Amino acid sequence: MARDSRAPLVIGGSTIQRGSRETVHLPVAPMYTAMEMTMPVHVIRGKKDGPRLFVSAAIHGDEINGVEIIRRLLARPELSRLRGTLIAVPVVNVYGYTARSRYLPDRRDLNRSFPGSQTGSMASRLADTFMQEIVENATHGIDLHTGAVHRTNLPHVRVCFSQKESLELAQAFRVPLIMHSDLRDGSLRQAVVETDVPMLLYEAGEALRFDEQAIRVGLRGVLNVMRTIGMLPARRASRKQVQPLIAKSSRWMRAPDSGTLVSMCSVGDVVSEGQVLALVTDPLGREEIPIKARTAGVIVGATVLPLVYEGEALFNVAELETNRDAVGALERFESNLGVDPDLPPSLEAAQAHDPID
Ligand SMILES: [Zn+2]
């Protein structure tokens, strides 16, 4: 294991020298067209030793906001002053990404296949490659996700609150909301935490869509973590810093019947118990069934497709730990985003500011 930050760094058989940046293509199972397939990894090693952070995206192949976050991250000029090593893996599930699918061609979910094995299924082998080549070389990790197809998430971080170091990383990320999430069997998060590497999972936006706010909050979050763990020079703390809301759990509100969904709320809304979130109706308008919040909290996930089947998960309400002014906190986060010196004011400016090599 190369977790000693002074040890040589070898990824995919390539030795990455101090003060260099390199793209390594990790071989994975070839396509059945005989075409070779690789997982691209971009490694930036600073001149000075320090933490080794992996940032990964598209473990679910259709969750693409994280791919754009990493693209913008790699263009940041301050990386020339990096201490330690950034290991960026923008597309982990290369098969799902090319097919615009969450899954692998064998229909498995990569994020239920960790830690994997060298001799197992396609998913298991891909997971094993990621563990051996990326996680084994890392001291910290950030994994970037979005909601599923037709579902969007408020930018938030999921972390297991009993993992102290992971919780500290989550605090450093500075998102509007941090939510406790148990470690799920077979997930990357579980496999990484079991190797004593702290990591967080960022959730924001919708599958197969770019969401500018989700991308900006995510990029700023990764930079904040890098500053906090000493990979980038610290910035003077802004007095405007807003404390994230803390949620101990969340509950899905499901469709009581099949029909057309007339939604009255969206992610980021603060709701009270019993509040009507939406109506389920039908094309003839014969009936309107209200969907009420069964708990008070913040909507962190919501469907964006108004056609629903009975039992479908529609609104994910995070239950907050305290009675803080949630509306005010979320509004302040949003207004801070516009004046954050880390982030250019618009997408056009972002593209001009972040040229690709
Ligand atoms: Zn995901």
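Modeller: In helix H4 (residues 164–173), the buried residues include Ser166, Leu169, Ala170 and Phe173. Buried here means 20 or more other C-beta atoms within 10 Å of a residue's own; 12 or fewer is exposed, in between is partly exposed, and C-beta atoms are placed from the backbone. Helices (H or I, at least four residues) and strands (E, at least two) are DSSP runs, numbered from the N terminus. Down the axis of H4, the buried residues fall within an arc of 100 degrees, so they line one face of the helix. That arc is taken over the directions from the helix axis to the C-beta atoms. An α-helix has 3.6 residues a turn, so residues three or four places apart point the same way.

A word on provenance. This is a predicted model: local features need pLDDT of at least 70, side-chain atom pairs count only at pLDDT 80 or more, and totals for chains, interfaces and linings use all residues. Residues are numbered from 1 along each chain as its sequence is written.

Now the cover. The buried residues of H4 are covered by elements including strand S7 (140–145), strand S8 (151–159), strand S9 (177–180), helix H5 (188–194), strand S10 (199–206) and H6. Take Leu200. Leaving aside neighbours within four places in sequence, Leu200 is in contact with Ser166, Leu169, Ala170 and Phe173, and also with Ile142, Val157 and Val159. Contact means C-beta atoms, placed from the backbone, within 7 Å. After H4 comes Arg174, whose phi is positive, near 60 degrees.

Leu200 also matters for the core count. The largest nonpolar core has 93 residues, and Ile87, Leu177 and Leu200 touch the most other members. Such a core is a set of buried Ala, Val, Leu, Ile, Met, Phe, Trp, Tyr and Cys residues joined through C-beta atoms within 7 Å. H6 gives the most to this core, with 8 residues. The core draws at least three residues from each of domain 1 (9–235 + 341–353) and domain 2 (249–322). Those bounds come from an automatic or database domain assignment.

H6 itself is mostly covered: 12 of its 17 residues are buried. Among them are Ile215, Val217, Leu219 and Met226, but also Arg216 and Arg220. H6 is followed by Gly230, with a positive phi near 85 degrees.

Note on methods. Two residues are in contact if their C-beta atoms, placed from the backbone, lie within 7 Å.
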